[in-house]
Number of protein chains: 2
Amino acid sequence: MVSYDRIMKLSLERGFYFPSSEIYSDSPAGFWEYGPNGNNIKNKFIELWRRELVRRDDMIEIDGSQIMSKNVFVASGHIDNFSDPVIVCSKCKSIFRADKFILETAGIDVPERVPNNEVDKILNQYNLKCPKCLSSFQQTERFNMMFKVGIGPNNDEAYLRPETCQTIFVDFTRIFKIMRGKLPVPIAQVGKSFRNEVAPRQSLLRLREFYQAEIEVFCNPNQLDAISKFDDIQDTTLTIDEGTKVSKLTAKEALDNQIIPNKLIGYYLSILYEFYEKTGIDMNQTRFRKLSDQEKAFYATIALDFEVKTSLGWLELVACNYRSDYDLSQHSKISREKMEIMDPVTNEKILPHVFELSLGVDRSIYSILEHSFAEDHENKRVVLKLKPYLAPILGAILPLVKKPELEEIAKNIYCNLKKDFDMYYDGSGSIGRRYRRLEEIGVPFAITVDYDTLKDSTVTIRYRDTMEQRRIKIKDLKSFFEINKKP
Amino acid sequence: MVSYDRIMKLSLERGFYFPSSEIYSDSPAGFWEYGPNGNNIKNKFIELWRRELVRRDDMIEIDGSQIMSKNVFVASGHIDNFSDPVIVCSKCKSIFRADKFILETAGIDVPERVPNNEVDKILNQYNLKCPKCLSSFQQTERFNMMFKVGIGPNNDEAYLRPETCQTIFVDFTRIFKIMRGKLPVPIAQVGKSFRNEVAPRQSLLRLREFYQAEIEVFCNPNQLDAISKFDDIQDTTLTIDEGTKVSKLTAKEALDNQIIPNKLIGYYLSILYEFYEKTGIDMNQTRFRKLSDQEKAFYATIALDFEVKTSLGWLELVACNYRSDYDLSQHSKISREKMEIMDPVTNEKILPHVFELSLGVDRSIYSILEHSFAEDHENKRVVLKLKPYLAPILGAILPLVKKPELEEIAKNIYCNLKKDFDMYYDGSGSIGRRYRRLEEIGVPFAITVDYDTLKDSTVTIRYRDTMEQRRIKIKDLKSFFEINKKP
């Protein structure tokens, strides 16, 4: 398995991602930029998510503000509950995140939501001191992870959203009315969220500013098994880790054995699974893991994490939470807006429950890079085996040698294709070295213009993974790329 | 011309956009959400921008963090200069933006960058008082329009970026190195920016959180006329308002008459113009306006605004600024990072200059809606004549009547198309009423399944603008939409 450091090296050298504002020494940790290649992969990943989840399931997608008023987060519980335990050295005032510090110094794995007095007890029991000055710590404190912003000249209190879904909850009644929906109604949103982590780390894996693609399925809690589309996915094979045992079984078997509580949850886990199958992640290295009560977010009654195995261990990509009516009832209470709706199918007046698929985009991109990375020792090359529809560049146009007559044709081909596809023109360096550069960033097809092109208007297509070469007519290139850019 | 209020009504009713967190009374002004239809138009507009500017011109696109460290904005000048003049009532402490207040009460048009003592003088001269309590104002103050955020437990000072381009400047050297570029190198970015407006207003037109699509062209200041691709666009007709006179002329004529200072600027204004031609905005209602020295942003040496005429008057959509080496030299000075590069063409060591196209996405969307809105009195219908590639829904599938045999075929057609295209299924209500609903949100094609479909596997395509109807084979629908979703 390729190492985290190797992927980082590739990313820095080839423009997948790099630290934000790195020329400034005061740049805070936990902020990263997508370079040209990473940005393309990220955008194509989101497009695949739209195709295989949003459009497949007739979801509604919105795009809301990142700054939201204080009351939104009073209602959501984030003002009170969204905090990390931190410990401050009584002498040098160094600050540490308590759970991480305890894991690293005493080897004890405490959950993020560990109560303050529990932390104090462990610090005492194991006699843990400040590693910088060896003094003892003050009493454990809570550090709220939301970024506060002041609005207008009166500095009104507001926050950067710590999860995109709050927009969906507060907008639910208007959207439901506009879209004349039938429950279950899934509403999706992709965008930035912000968490003021005490200890951000590992580039894309724990960011302070990150992309989420969230889906909130509003449903009638009495109709969770009335999902006929479950039949379409009942044979999808899922791996579910219940803590005590790991099972690999179909969605139907999982339902029959009560490993999945209802058809609605089974359906959405399955289409999520089918989406990730298309990303190129090795699905044998994935699982749904049921969370213990201590691990679950404060709003979740049932929680499964979709995880993928990487060189750093299991990594959570998607939190799948049954949030019950927690969000709508809280927003209804604090805003005094009635949020019940008539279920047009059963004619009941209900406050919908919510099942969510909260997907981390940046972590998914990282996992795709790791799972696509291959070292082909025989041919001394590094190949990023990205699916063509996720590759930053779909095809490169290369004149075999630097001759005006070949360059002219190559440039013409490039100009005819570049608006419709992400293409790249590379005219300099030995052909072998150009192939190497393209393989390393995952370009699936290289088109070479050579002297035969002058005779018969054909070019060579070279396939990245197999290195196989085929002749194709120039006029057929457009339809070749049209077919190959689709999943 | 349709009114602002009519577009607002449509937007609220049909899910183009609506106020953020509207169920909360403490929701701050200046934040709006894109509903399902608006979100689709916005995404397709950005895709068109990518196609017609980024990919057409071989630009590099990145996506960086919105939160940036304090020093970035010390260097950029925003800490010192990015402020509005505000006046505070000495008694009731009401706050007003000085330039707007003076315009509304005394009818005097002062620029945003008016100095404080100038404001004090005008208030005095015209005896302007607080409209709430009739008391006089305190001395004029500056209100910085950046949102401050504190990072980590030490609350390190950082800001939400007020323009996306700062990311591009601070990342320039790394990107230039990775991409082995030749000057001019255009780097593009689309994303959110944030301005803490004193008086946000008019929904998408003056937001506190908004989308920008910015292009920064890094160039050798000695080579601004060495742009051979100028020849491709030299016949593009531009309307240029110089304040004293308005000229409609080709890019070449503008260059020859020194209305445009060099080929580089002429080229980018022209491809910007050609991009907007494809959005459906009436180009006879647009102009490039040269800004006076008082109007220009503090970093600009040459500034032209691309403006469009709306029901509210002329609206700035794109600021085209020649920023010289202001940004790179400032960032180089404050970060102490060397930012000169070797121009691989001329072999000079230079600090590149920058010409930018800073495009407001939300205002563009608003303008497109206004220019696409048509009331067809004869047929008693409202039609949003959006270009098919910008329409929120490309096609709708309608069973003519609610009969299982028609519904089954219609649903099959819908399911076969919906992953590849934004499709909509509408099975209820009279066919006339369904057409009206689709026309109002700009769906260009309605596909009707009727009893003939059962016989010959054809359906009707109804064209939104002409109401013309044609029969087409079901199996040809995919290629019909494939062709029609492209510009």
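Buried means under 20% relative accessible area, exposed means over 50%, and partly exposed is what sits in between (1.4 Å probe, protein chains only). Keep that to hand for the exercises below.

A word on the model: it is predicted, so local features need pLDDT of at least 70 and side-chain atom pairs count only at pLDDT 80 or more, while totals for chains, interfaces and linings use all residues. Residues are numbered from 1 along each chain as its sequence is written, chains are lettered from A and ligands numbered from 1 in the order in which they are written, and side-chain values use heavy atoms, with hydrogens and water left out.

**Exercise 1. Work out how chain B relates to chain A.**

Step 1: superpose. Copies are laid on each other by least squares on the C-alpha atoms of residues with pLDDT of at least 70 in both. A turn of 180° and a shift of 0.0 Å along the axis put chain B on chain A with an RMSD of 0.0 Å.

Step 2: name the relation. That is what a two-fold axis does.

Step 3: check the contact surface. The same surface serves both copies, as 100% of the contact residues of chain B recur in chain A.

Step 4: find the residue by the axis. In chain B, B:Val149 comes closest to the rotation axis, at 3.0 Å (C-alpha).

**Exercise 2. Describe the interface of chain B and chain A.**

Step 1: count residues. With contact taken as heavy atoms within 4.5 Å, 87 residues of chain B touch 87 residues of chain A.

Step 2: get the area. Buried area is the accessible area (1.4 Å probe) that two parts lose on being put together, summed over both. Here it is about 7300 Å², and carbon and sulfur atoms give 50% of that. On the chain B side, B:Ile23, B:Tyr24 and B:Lys419 lose the most area to chain A, together 11% of what that side buries.

Step 3: count the polar links. A polar contact is a pair of N or O atoms within 3.5 Å; within protein, one must be able to donate a hydrogen and the other to accept it, and residues adjacent in sequence count only if both atoms are side-chain atoms. The rule finds 48 residue pairs in polar contact across this interface (both at pLDDT 80 or more).

Step 4: see which element does the most. Helix α2 (residues 36-55) of chain B leads on its side, giving eight residues.

**Exercise 3. Track down salt bridges between the chains and within chain A.**

Step 1: set the rule. A salt bridge is a side-chain nitrogen of Lys or Arg within 4 Å of a carboxyl oxygen of Asp or Glu.

Step 2: pick pairs between the chains. B:Lys486 meets A:Glu482 at 2.9 Å, N to O. Another pair is A:Lys419 and B:Glu52, at 2.7 Å. This pair runs from the loop between α13 (404-417) and β23 (423-425) of chain A to helix α2 of chain B. A:Lys419 is partly exposed at 25%, whereas B:Glu52 is buried at 3%.

Step 3: go inside chain A. A:Arg471 and A:Asp450 form a salt bridge, with the closest N and O atoms 2.8 Å apart. They link distant parts of the chain, 21 residues apart, with A:Arg471 in strand β26 (residues 469-473) and A:Asp450 in the loop between β24 (445-449) and α15 (451-456). A:Arg471 is partly exposed at 37%, and A:Asp450 is buried at 12%.

Step 4: join them up. Salt bridges that share partners tie A:Arg51, A:Glu52, A:Lys278, B:Lys419, B:Asp420 and B:Lys478 into one network.

Definitions and conventions. Helices (H or I, at least four residues) and strands (E, at least two) are DSSP runs, numbered from the N terminus.
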